[in-house]
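Please keep the model open beside the text.

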Amino acid sequence: MIPVVFGCAGTTLSDEEAAFFSEVKPAGFILFARNVGTPDEVRALVTALKKTTGRKHVPVMIDQEGGRVQRLKAPHWRAYPPMETFGHMARQDATLGASALRLNCRLIADDLVQLGINVNCLPVLDVPQRGADKVIGDRAFAHDPQLVGALGRIALESLADGGVLGVLKHIPGHGRSLVDSHHGLPRVSASLEDLSKTDFVPFAALHDAPFAMTAHIIYQAIDPARPATLSKVVIGRIIRMKIGFQGILFSDDLSMNALDGAIEKRAADALAAGCDIALHCNGNLAEMKAIAAAVPRASLKLEERLATLIEEVNARQGVDRADLEKRYRDLMARYKPE
């Protein structure tokens, strides 16, 4: 197994993609809108991707947050609200917000489990600050770091109850970015004290999560030369030691424009900095081949740890979908948008 998660180009796996994945055996896969057809087509694609690795327990990831970031859409899947909705609800009525979020995440998990997808890149634990770029915006629960942590815990546990592992993002915090890291490299000038009082708080509250995803951001008070994804200082001293995260750390997508240099060097540098698994999402086969040639094999310990997490979450019980839908509708009908 190589410590990289790859995407693929379309709704079916080409012979060349299948041969490549069978040869290099990636740690897992991630789906995007370009990979989504009918439910039967998605199920077939997921099955084909897993089969290439020769392993029984393989993570297949997706970004199914709700709102702007939702790869599975109508007419086959429900439109989910952005996570900000549940922050609003919780401020009006804490019990209502918590209950609605729990059911929302159980429904998302059920959608994913029906397709064989077992990892969702949720919850977003970033704490948006005044004047920040809108790339996070309503994807975040709230501006209160304590509330973000509490709702993030509910989302993570509800996904797991439904058979799906969550991924904390974007550790150690994307809420102060003035630039969308898809387009450029953000630099955050806040002091370590300010970051510790706000941005790090939700991640520290969920430090026991199985997975997290790094931010492509330079934190000038910590490492003014490298973004978190490529920084031994940020990953070692902040993510691992100060925040205390001990789970499996993914990079964010290596093809985002916040990073520069050859794609294979980005992957190697992310792993050398302390990421456990590099994430490459665009499905470009030439880039994937370059990355596979540049990175070391994954340790047996990482492979076994990943397999155990997937096996355990796959064993979770199913749910009465009709009952879940009814209770969710009843709760959402009580919400008065701000």
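## Ground rules

This is a predicted model, in which local features need pLDDT of at least 70, side-chain atom pairs count only at pLDDT 80 or more, and totals for chains, interfaces and linings use all residues. Residues are numbered from 1 along each chain as its sequence is written, and side-chain values use heavy atoms, with hydrogens and water left out.

## The whole chain

Along its principal axes, the C-alpha trace spans about 55 × 50 × 30 Å.

Of the 338 residues, 59% count as buried (under 20% relative accessible area; exposed is over 50% and partly exposed in between, with a 1.4 Å probe and protein chains only). Among contacts (heavy atoms within 4.5 Å) between residues at least 6 apart in sequence, 78% join residues at least 24 apart.

## The annotated domain

An unreviewed UniProt entry places the feature "domain: Glycoside hydrolase family 3 N-terminal" at residues 14-300. UniProt positions follow the numbering used here, feature names are shortened, and annotations may be inferred rather than shown by experiment. Over residues 14-300 the chain is 40% helix and 14% strand, with the end C-alpha atoms 29 Å apart.

## A helix pair

Helix α3 (residues 84-92) and helix α4 (residues 94-113) have axes that come within 5 Å and cross at roughly 150°. The axes are lines fitted to C-alpha atoms over the stretch in contact, and angles run from 0 to 180 degrees between N-to-C directions.

On the α3 side, F86, M89, A90 and Q92 meet residues of α4 that include A94, L96 and L101.

## Backbone details

Two cis peptide bonds deserve a look. One joins L122 and P123, with omega about 15°, and P123 lies in the loop between β6 (119-120) and α5 (145-161). The other runs from I171 to P172, with omega near 10°; P172 sits in the loop between β7 (165-171) and β8 (187-188).

K25, in the loop between α1 (15-24) and β2 (26-31), has a positive phi near 55° although the residue is not glycine. K25 is partly exposed, with a relative accessible area of 29%.

Terms used
Helices (H or I, at least four residues) and strands (E, at least two) are DSSP runs, numbered from the N terminus.
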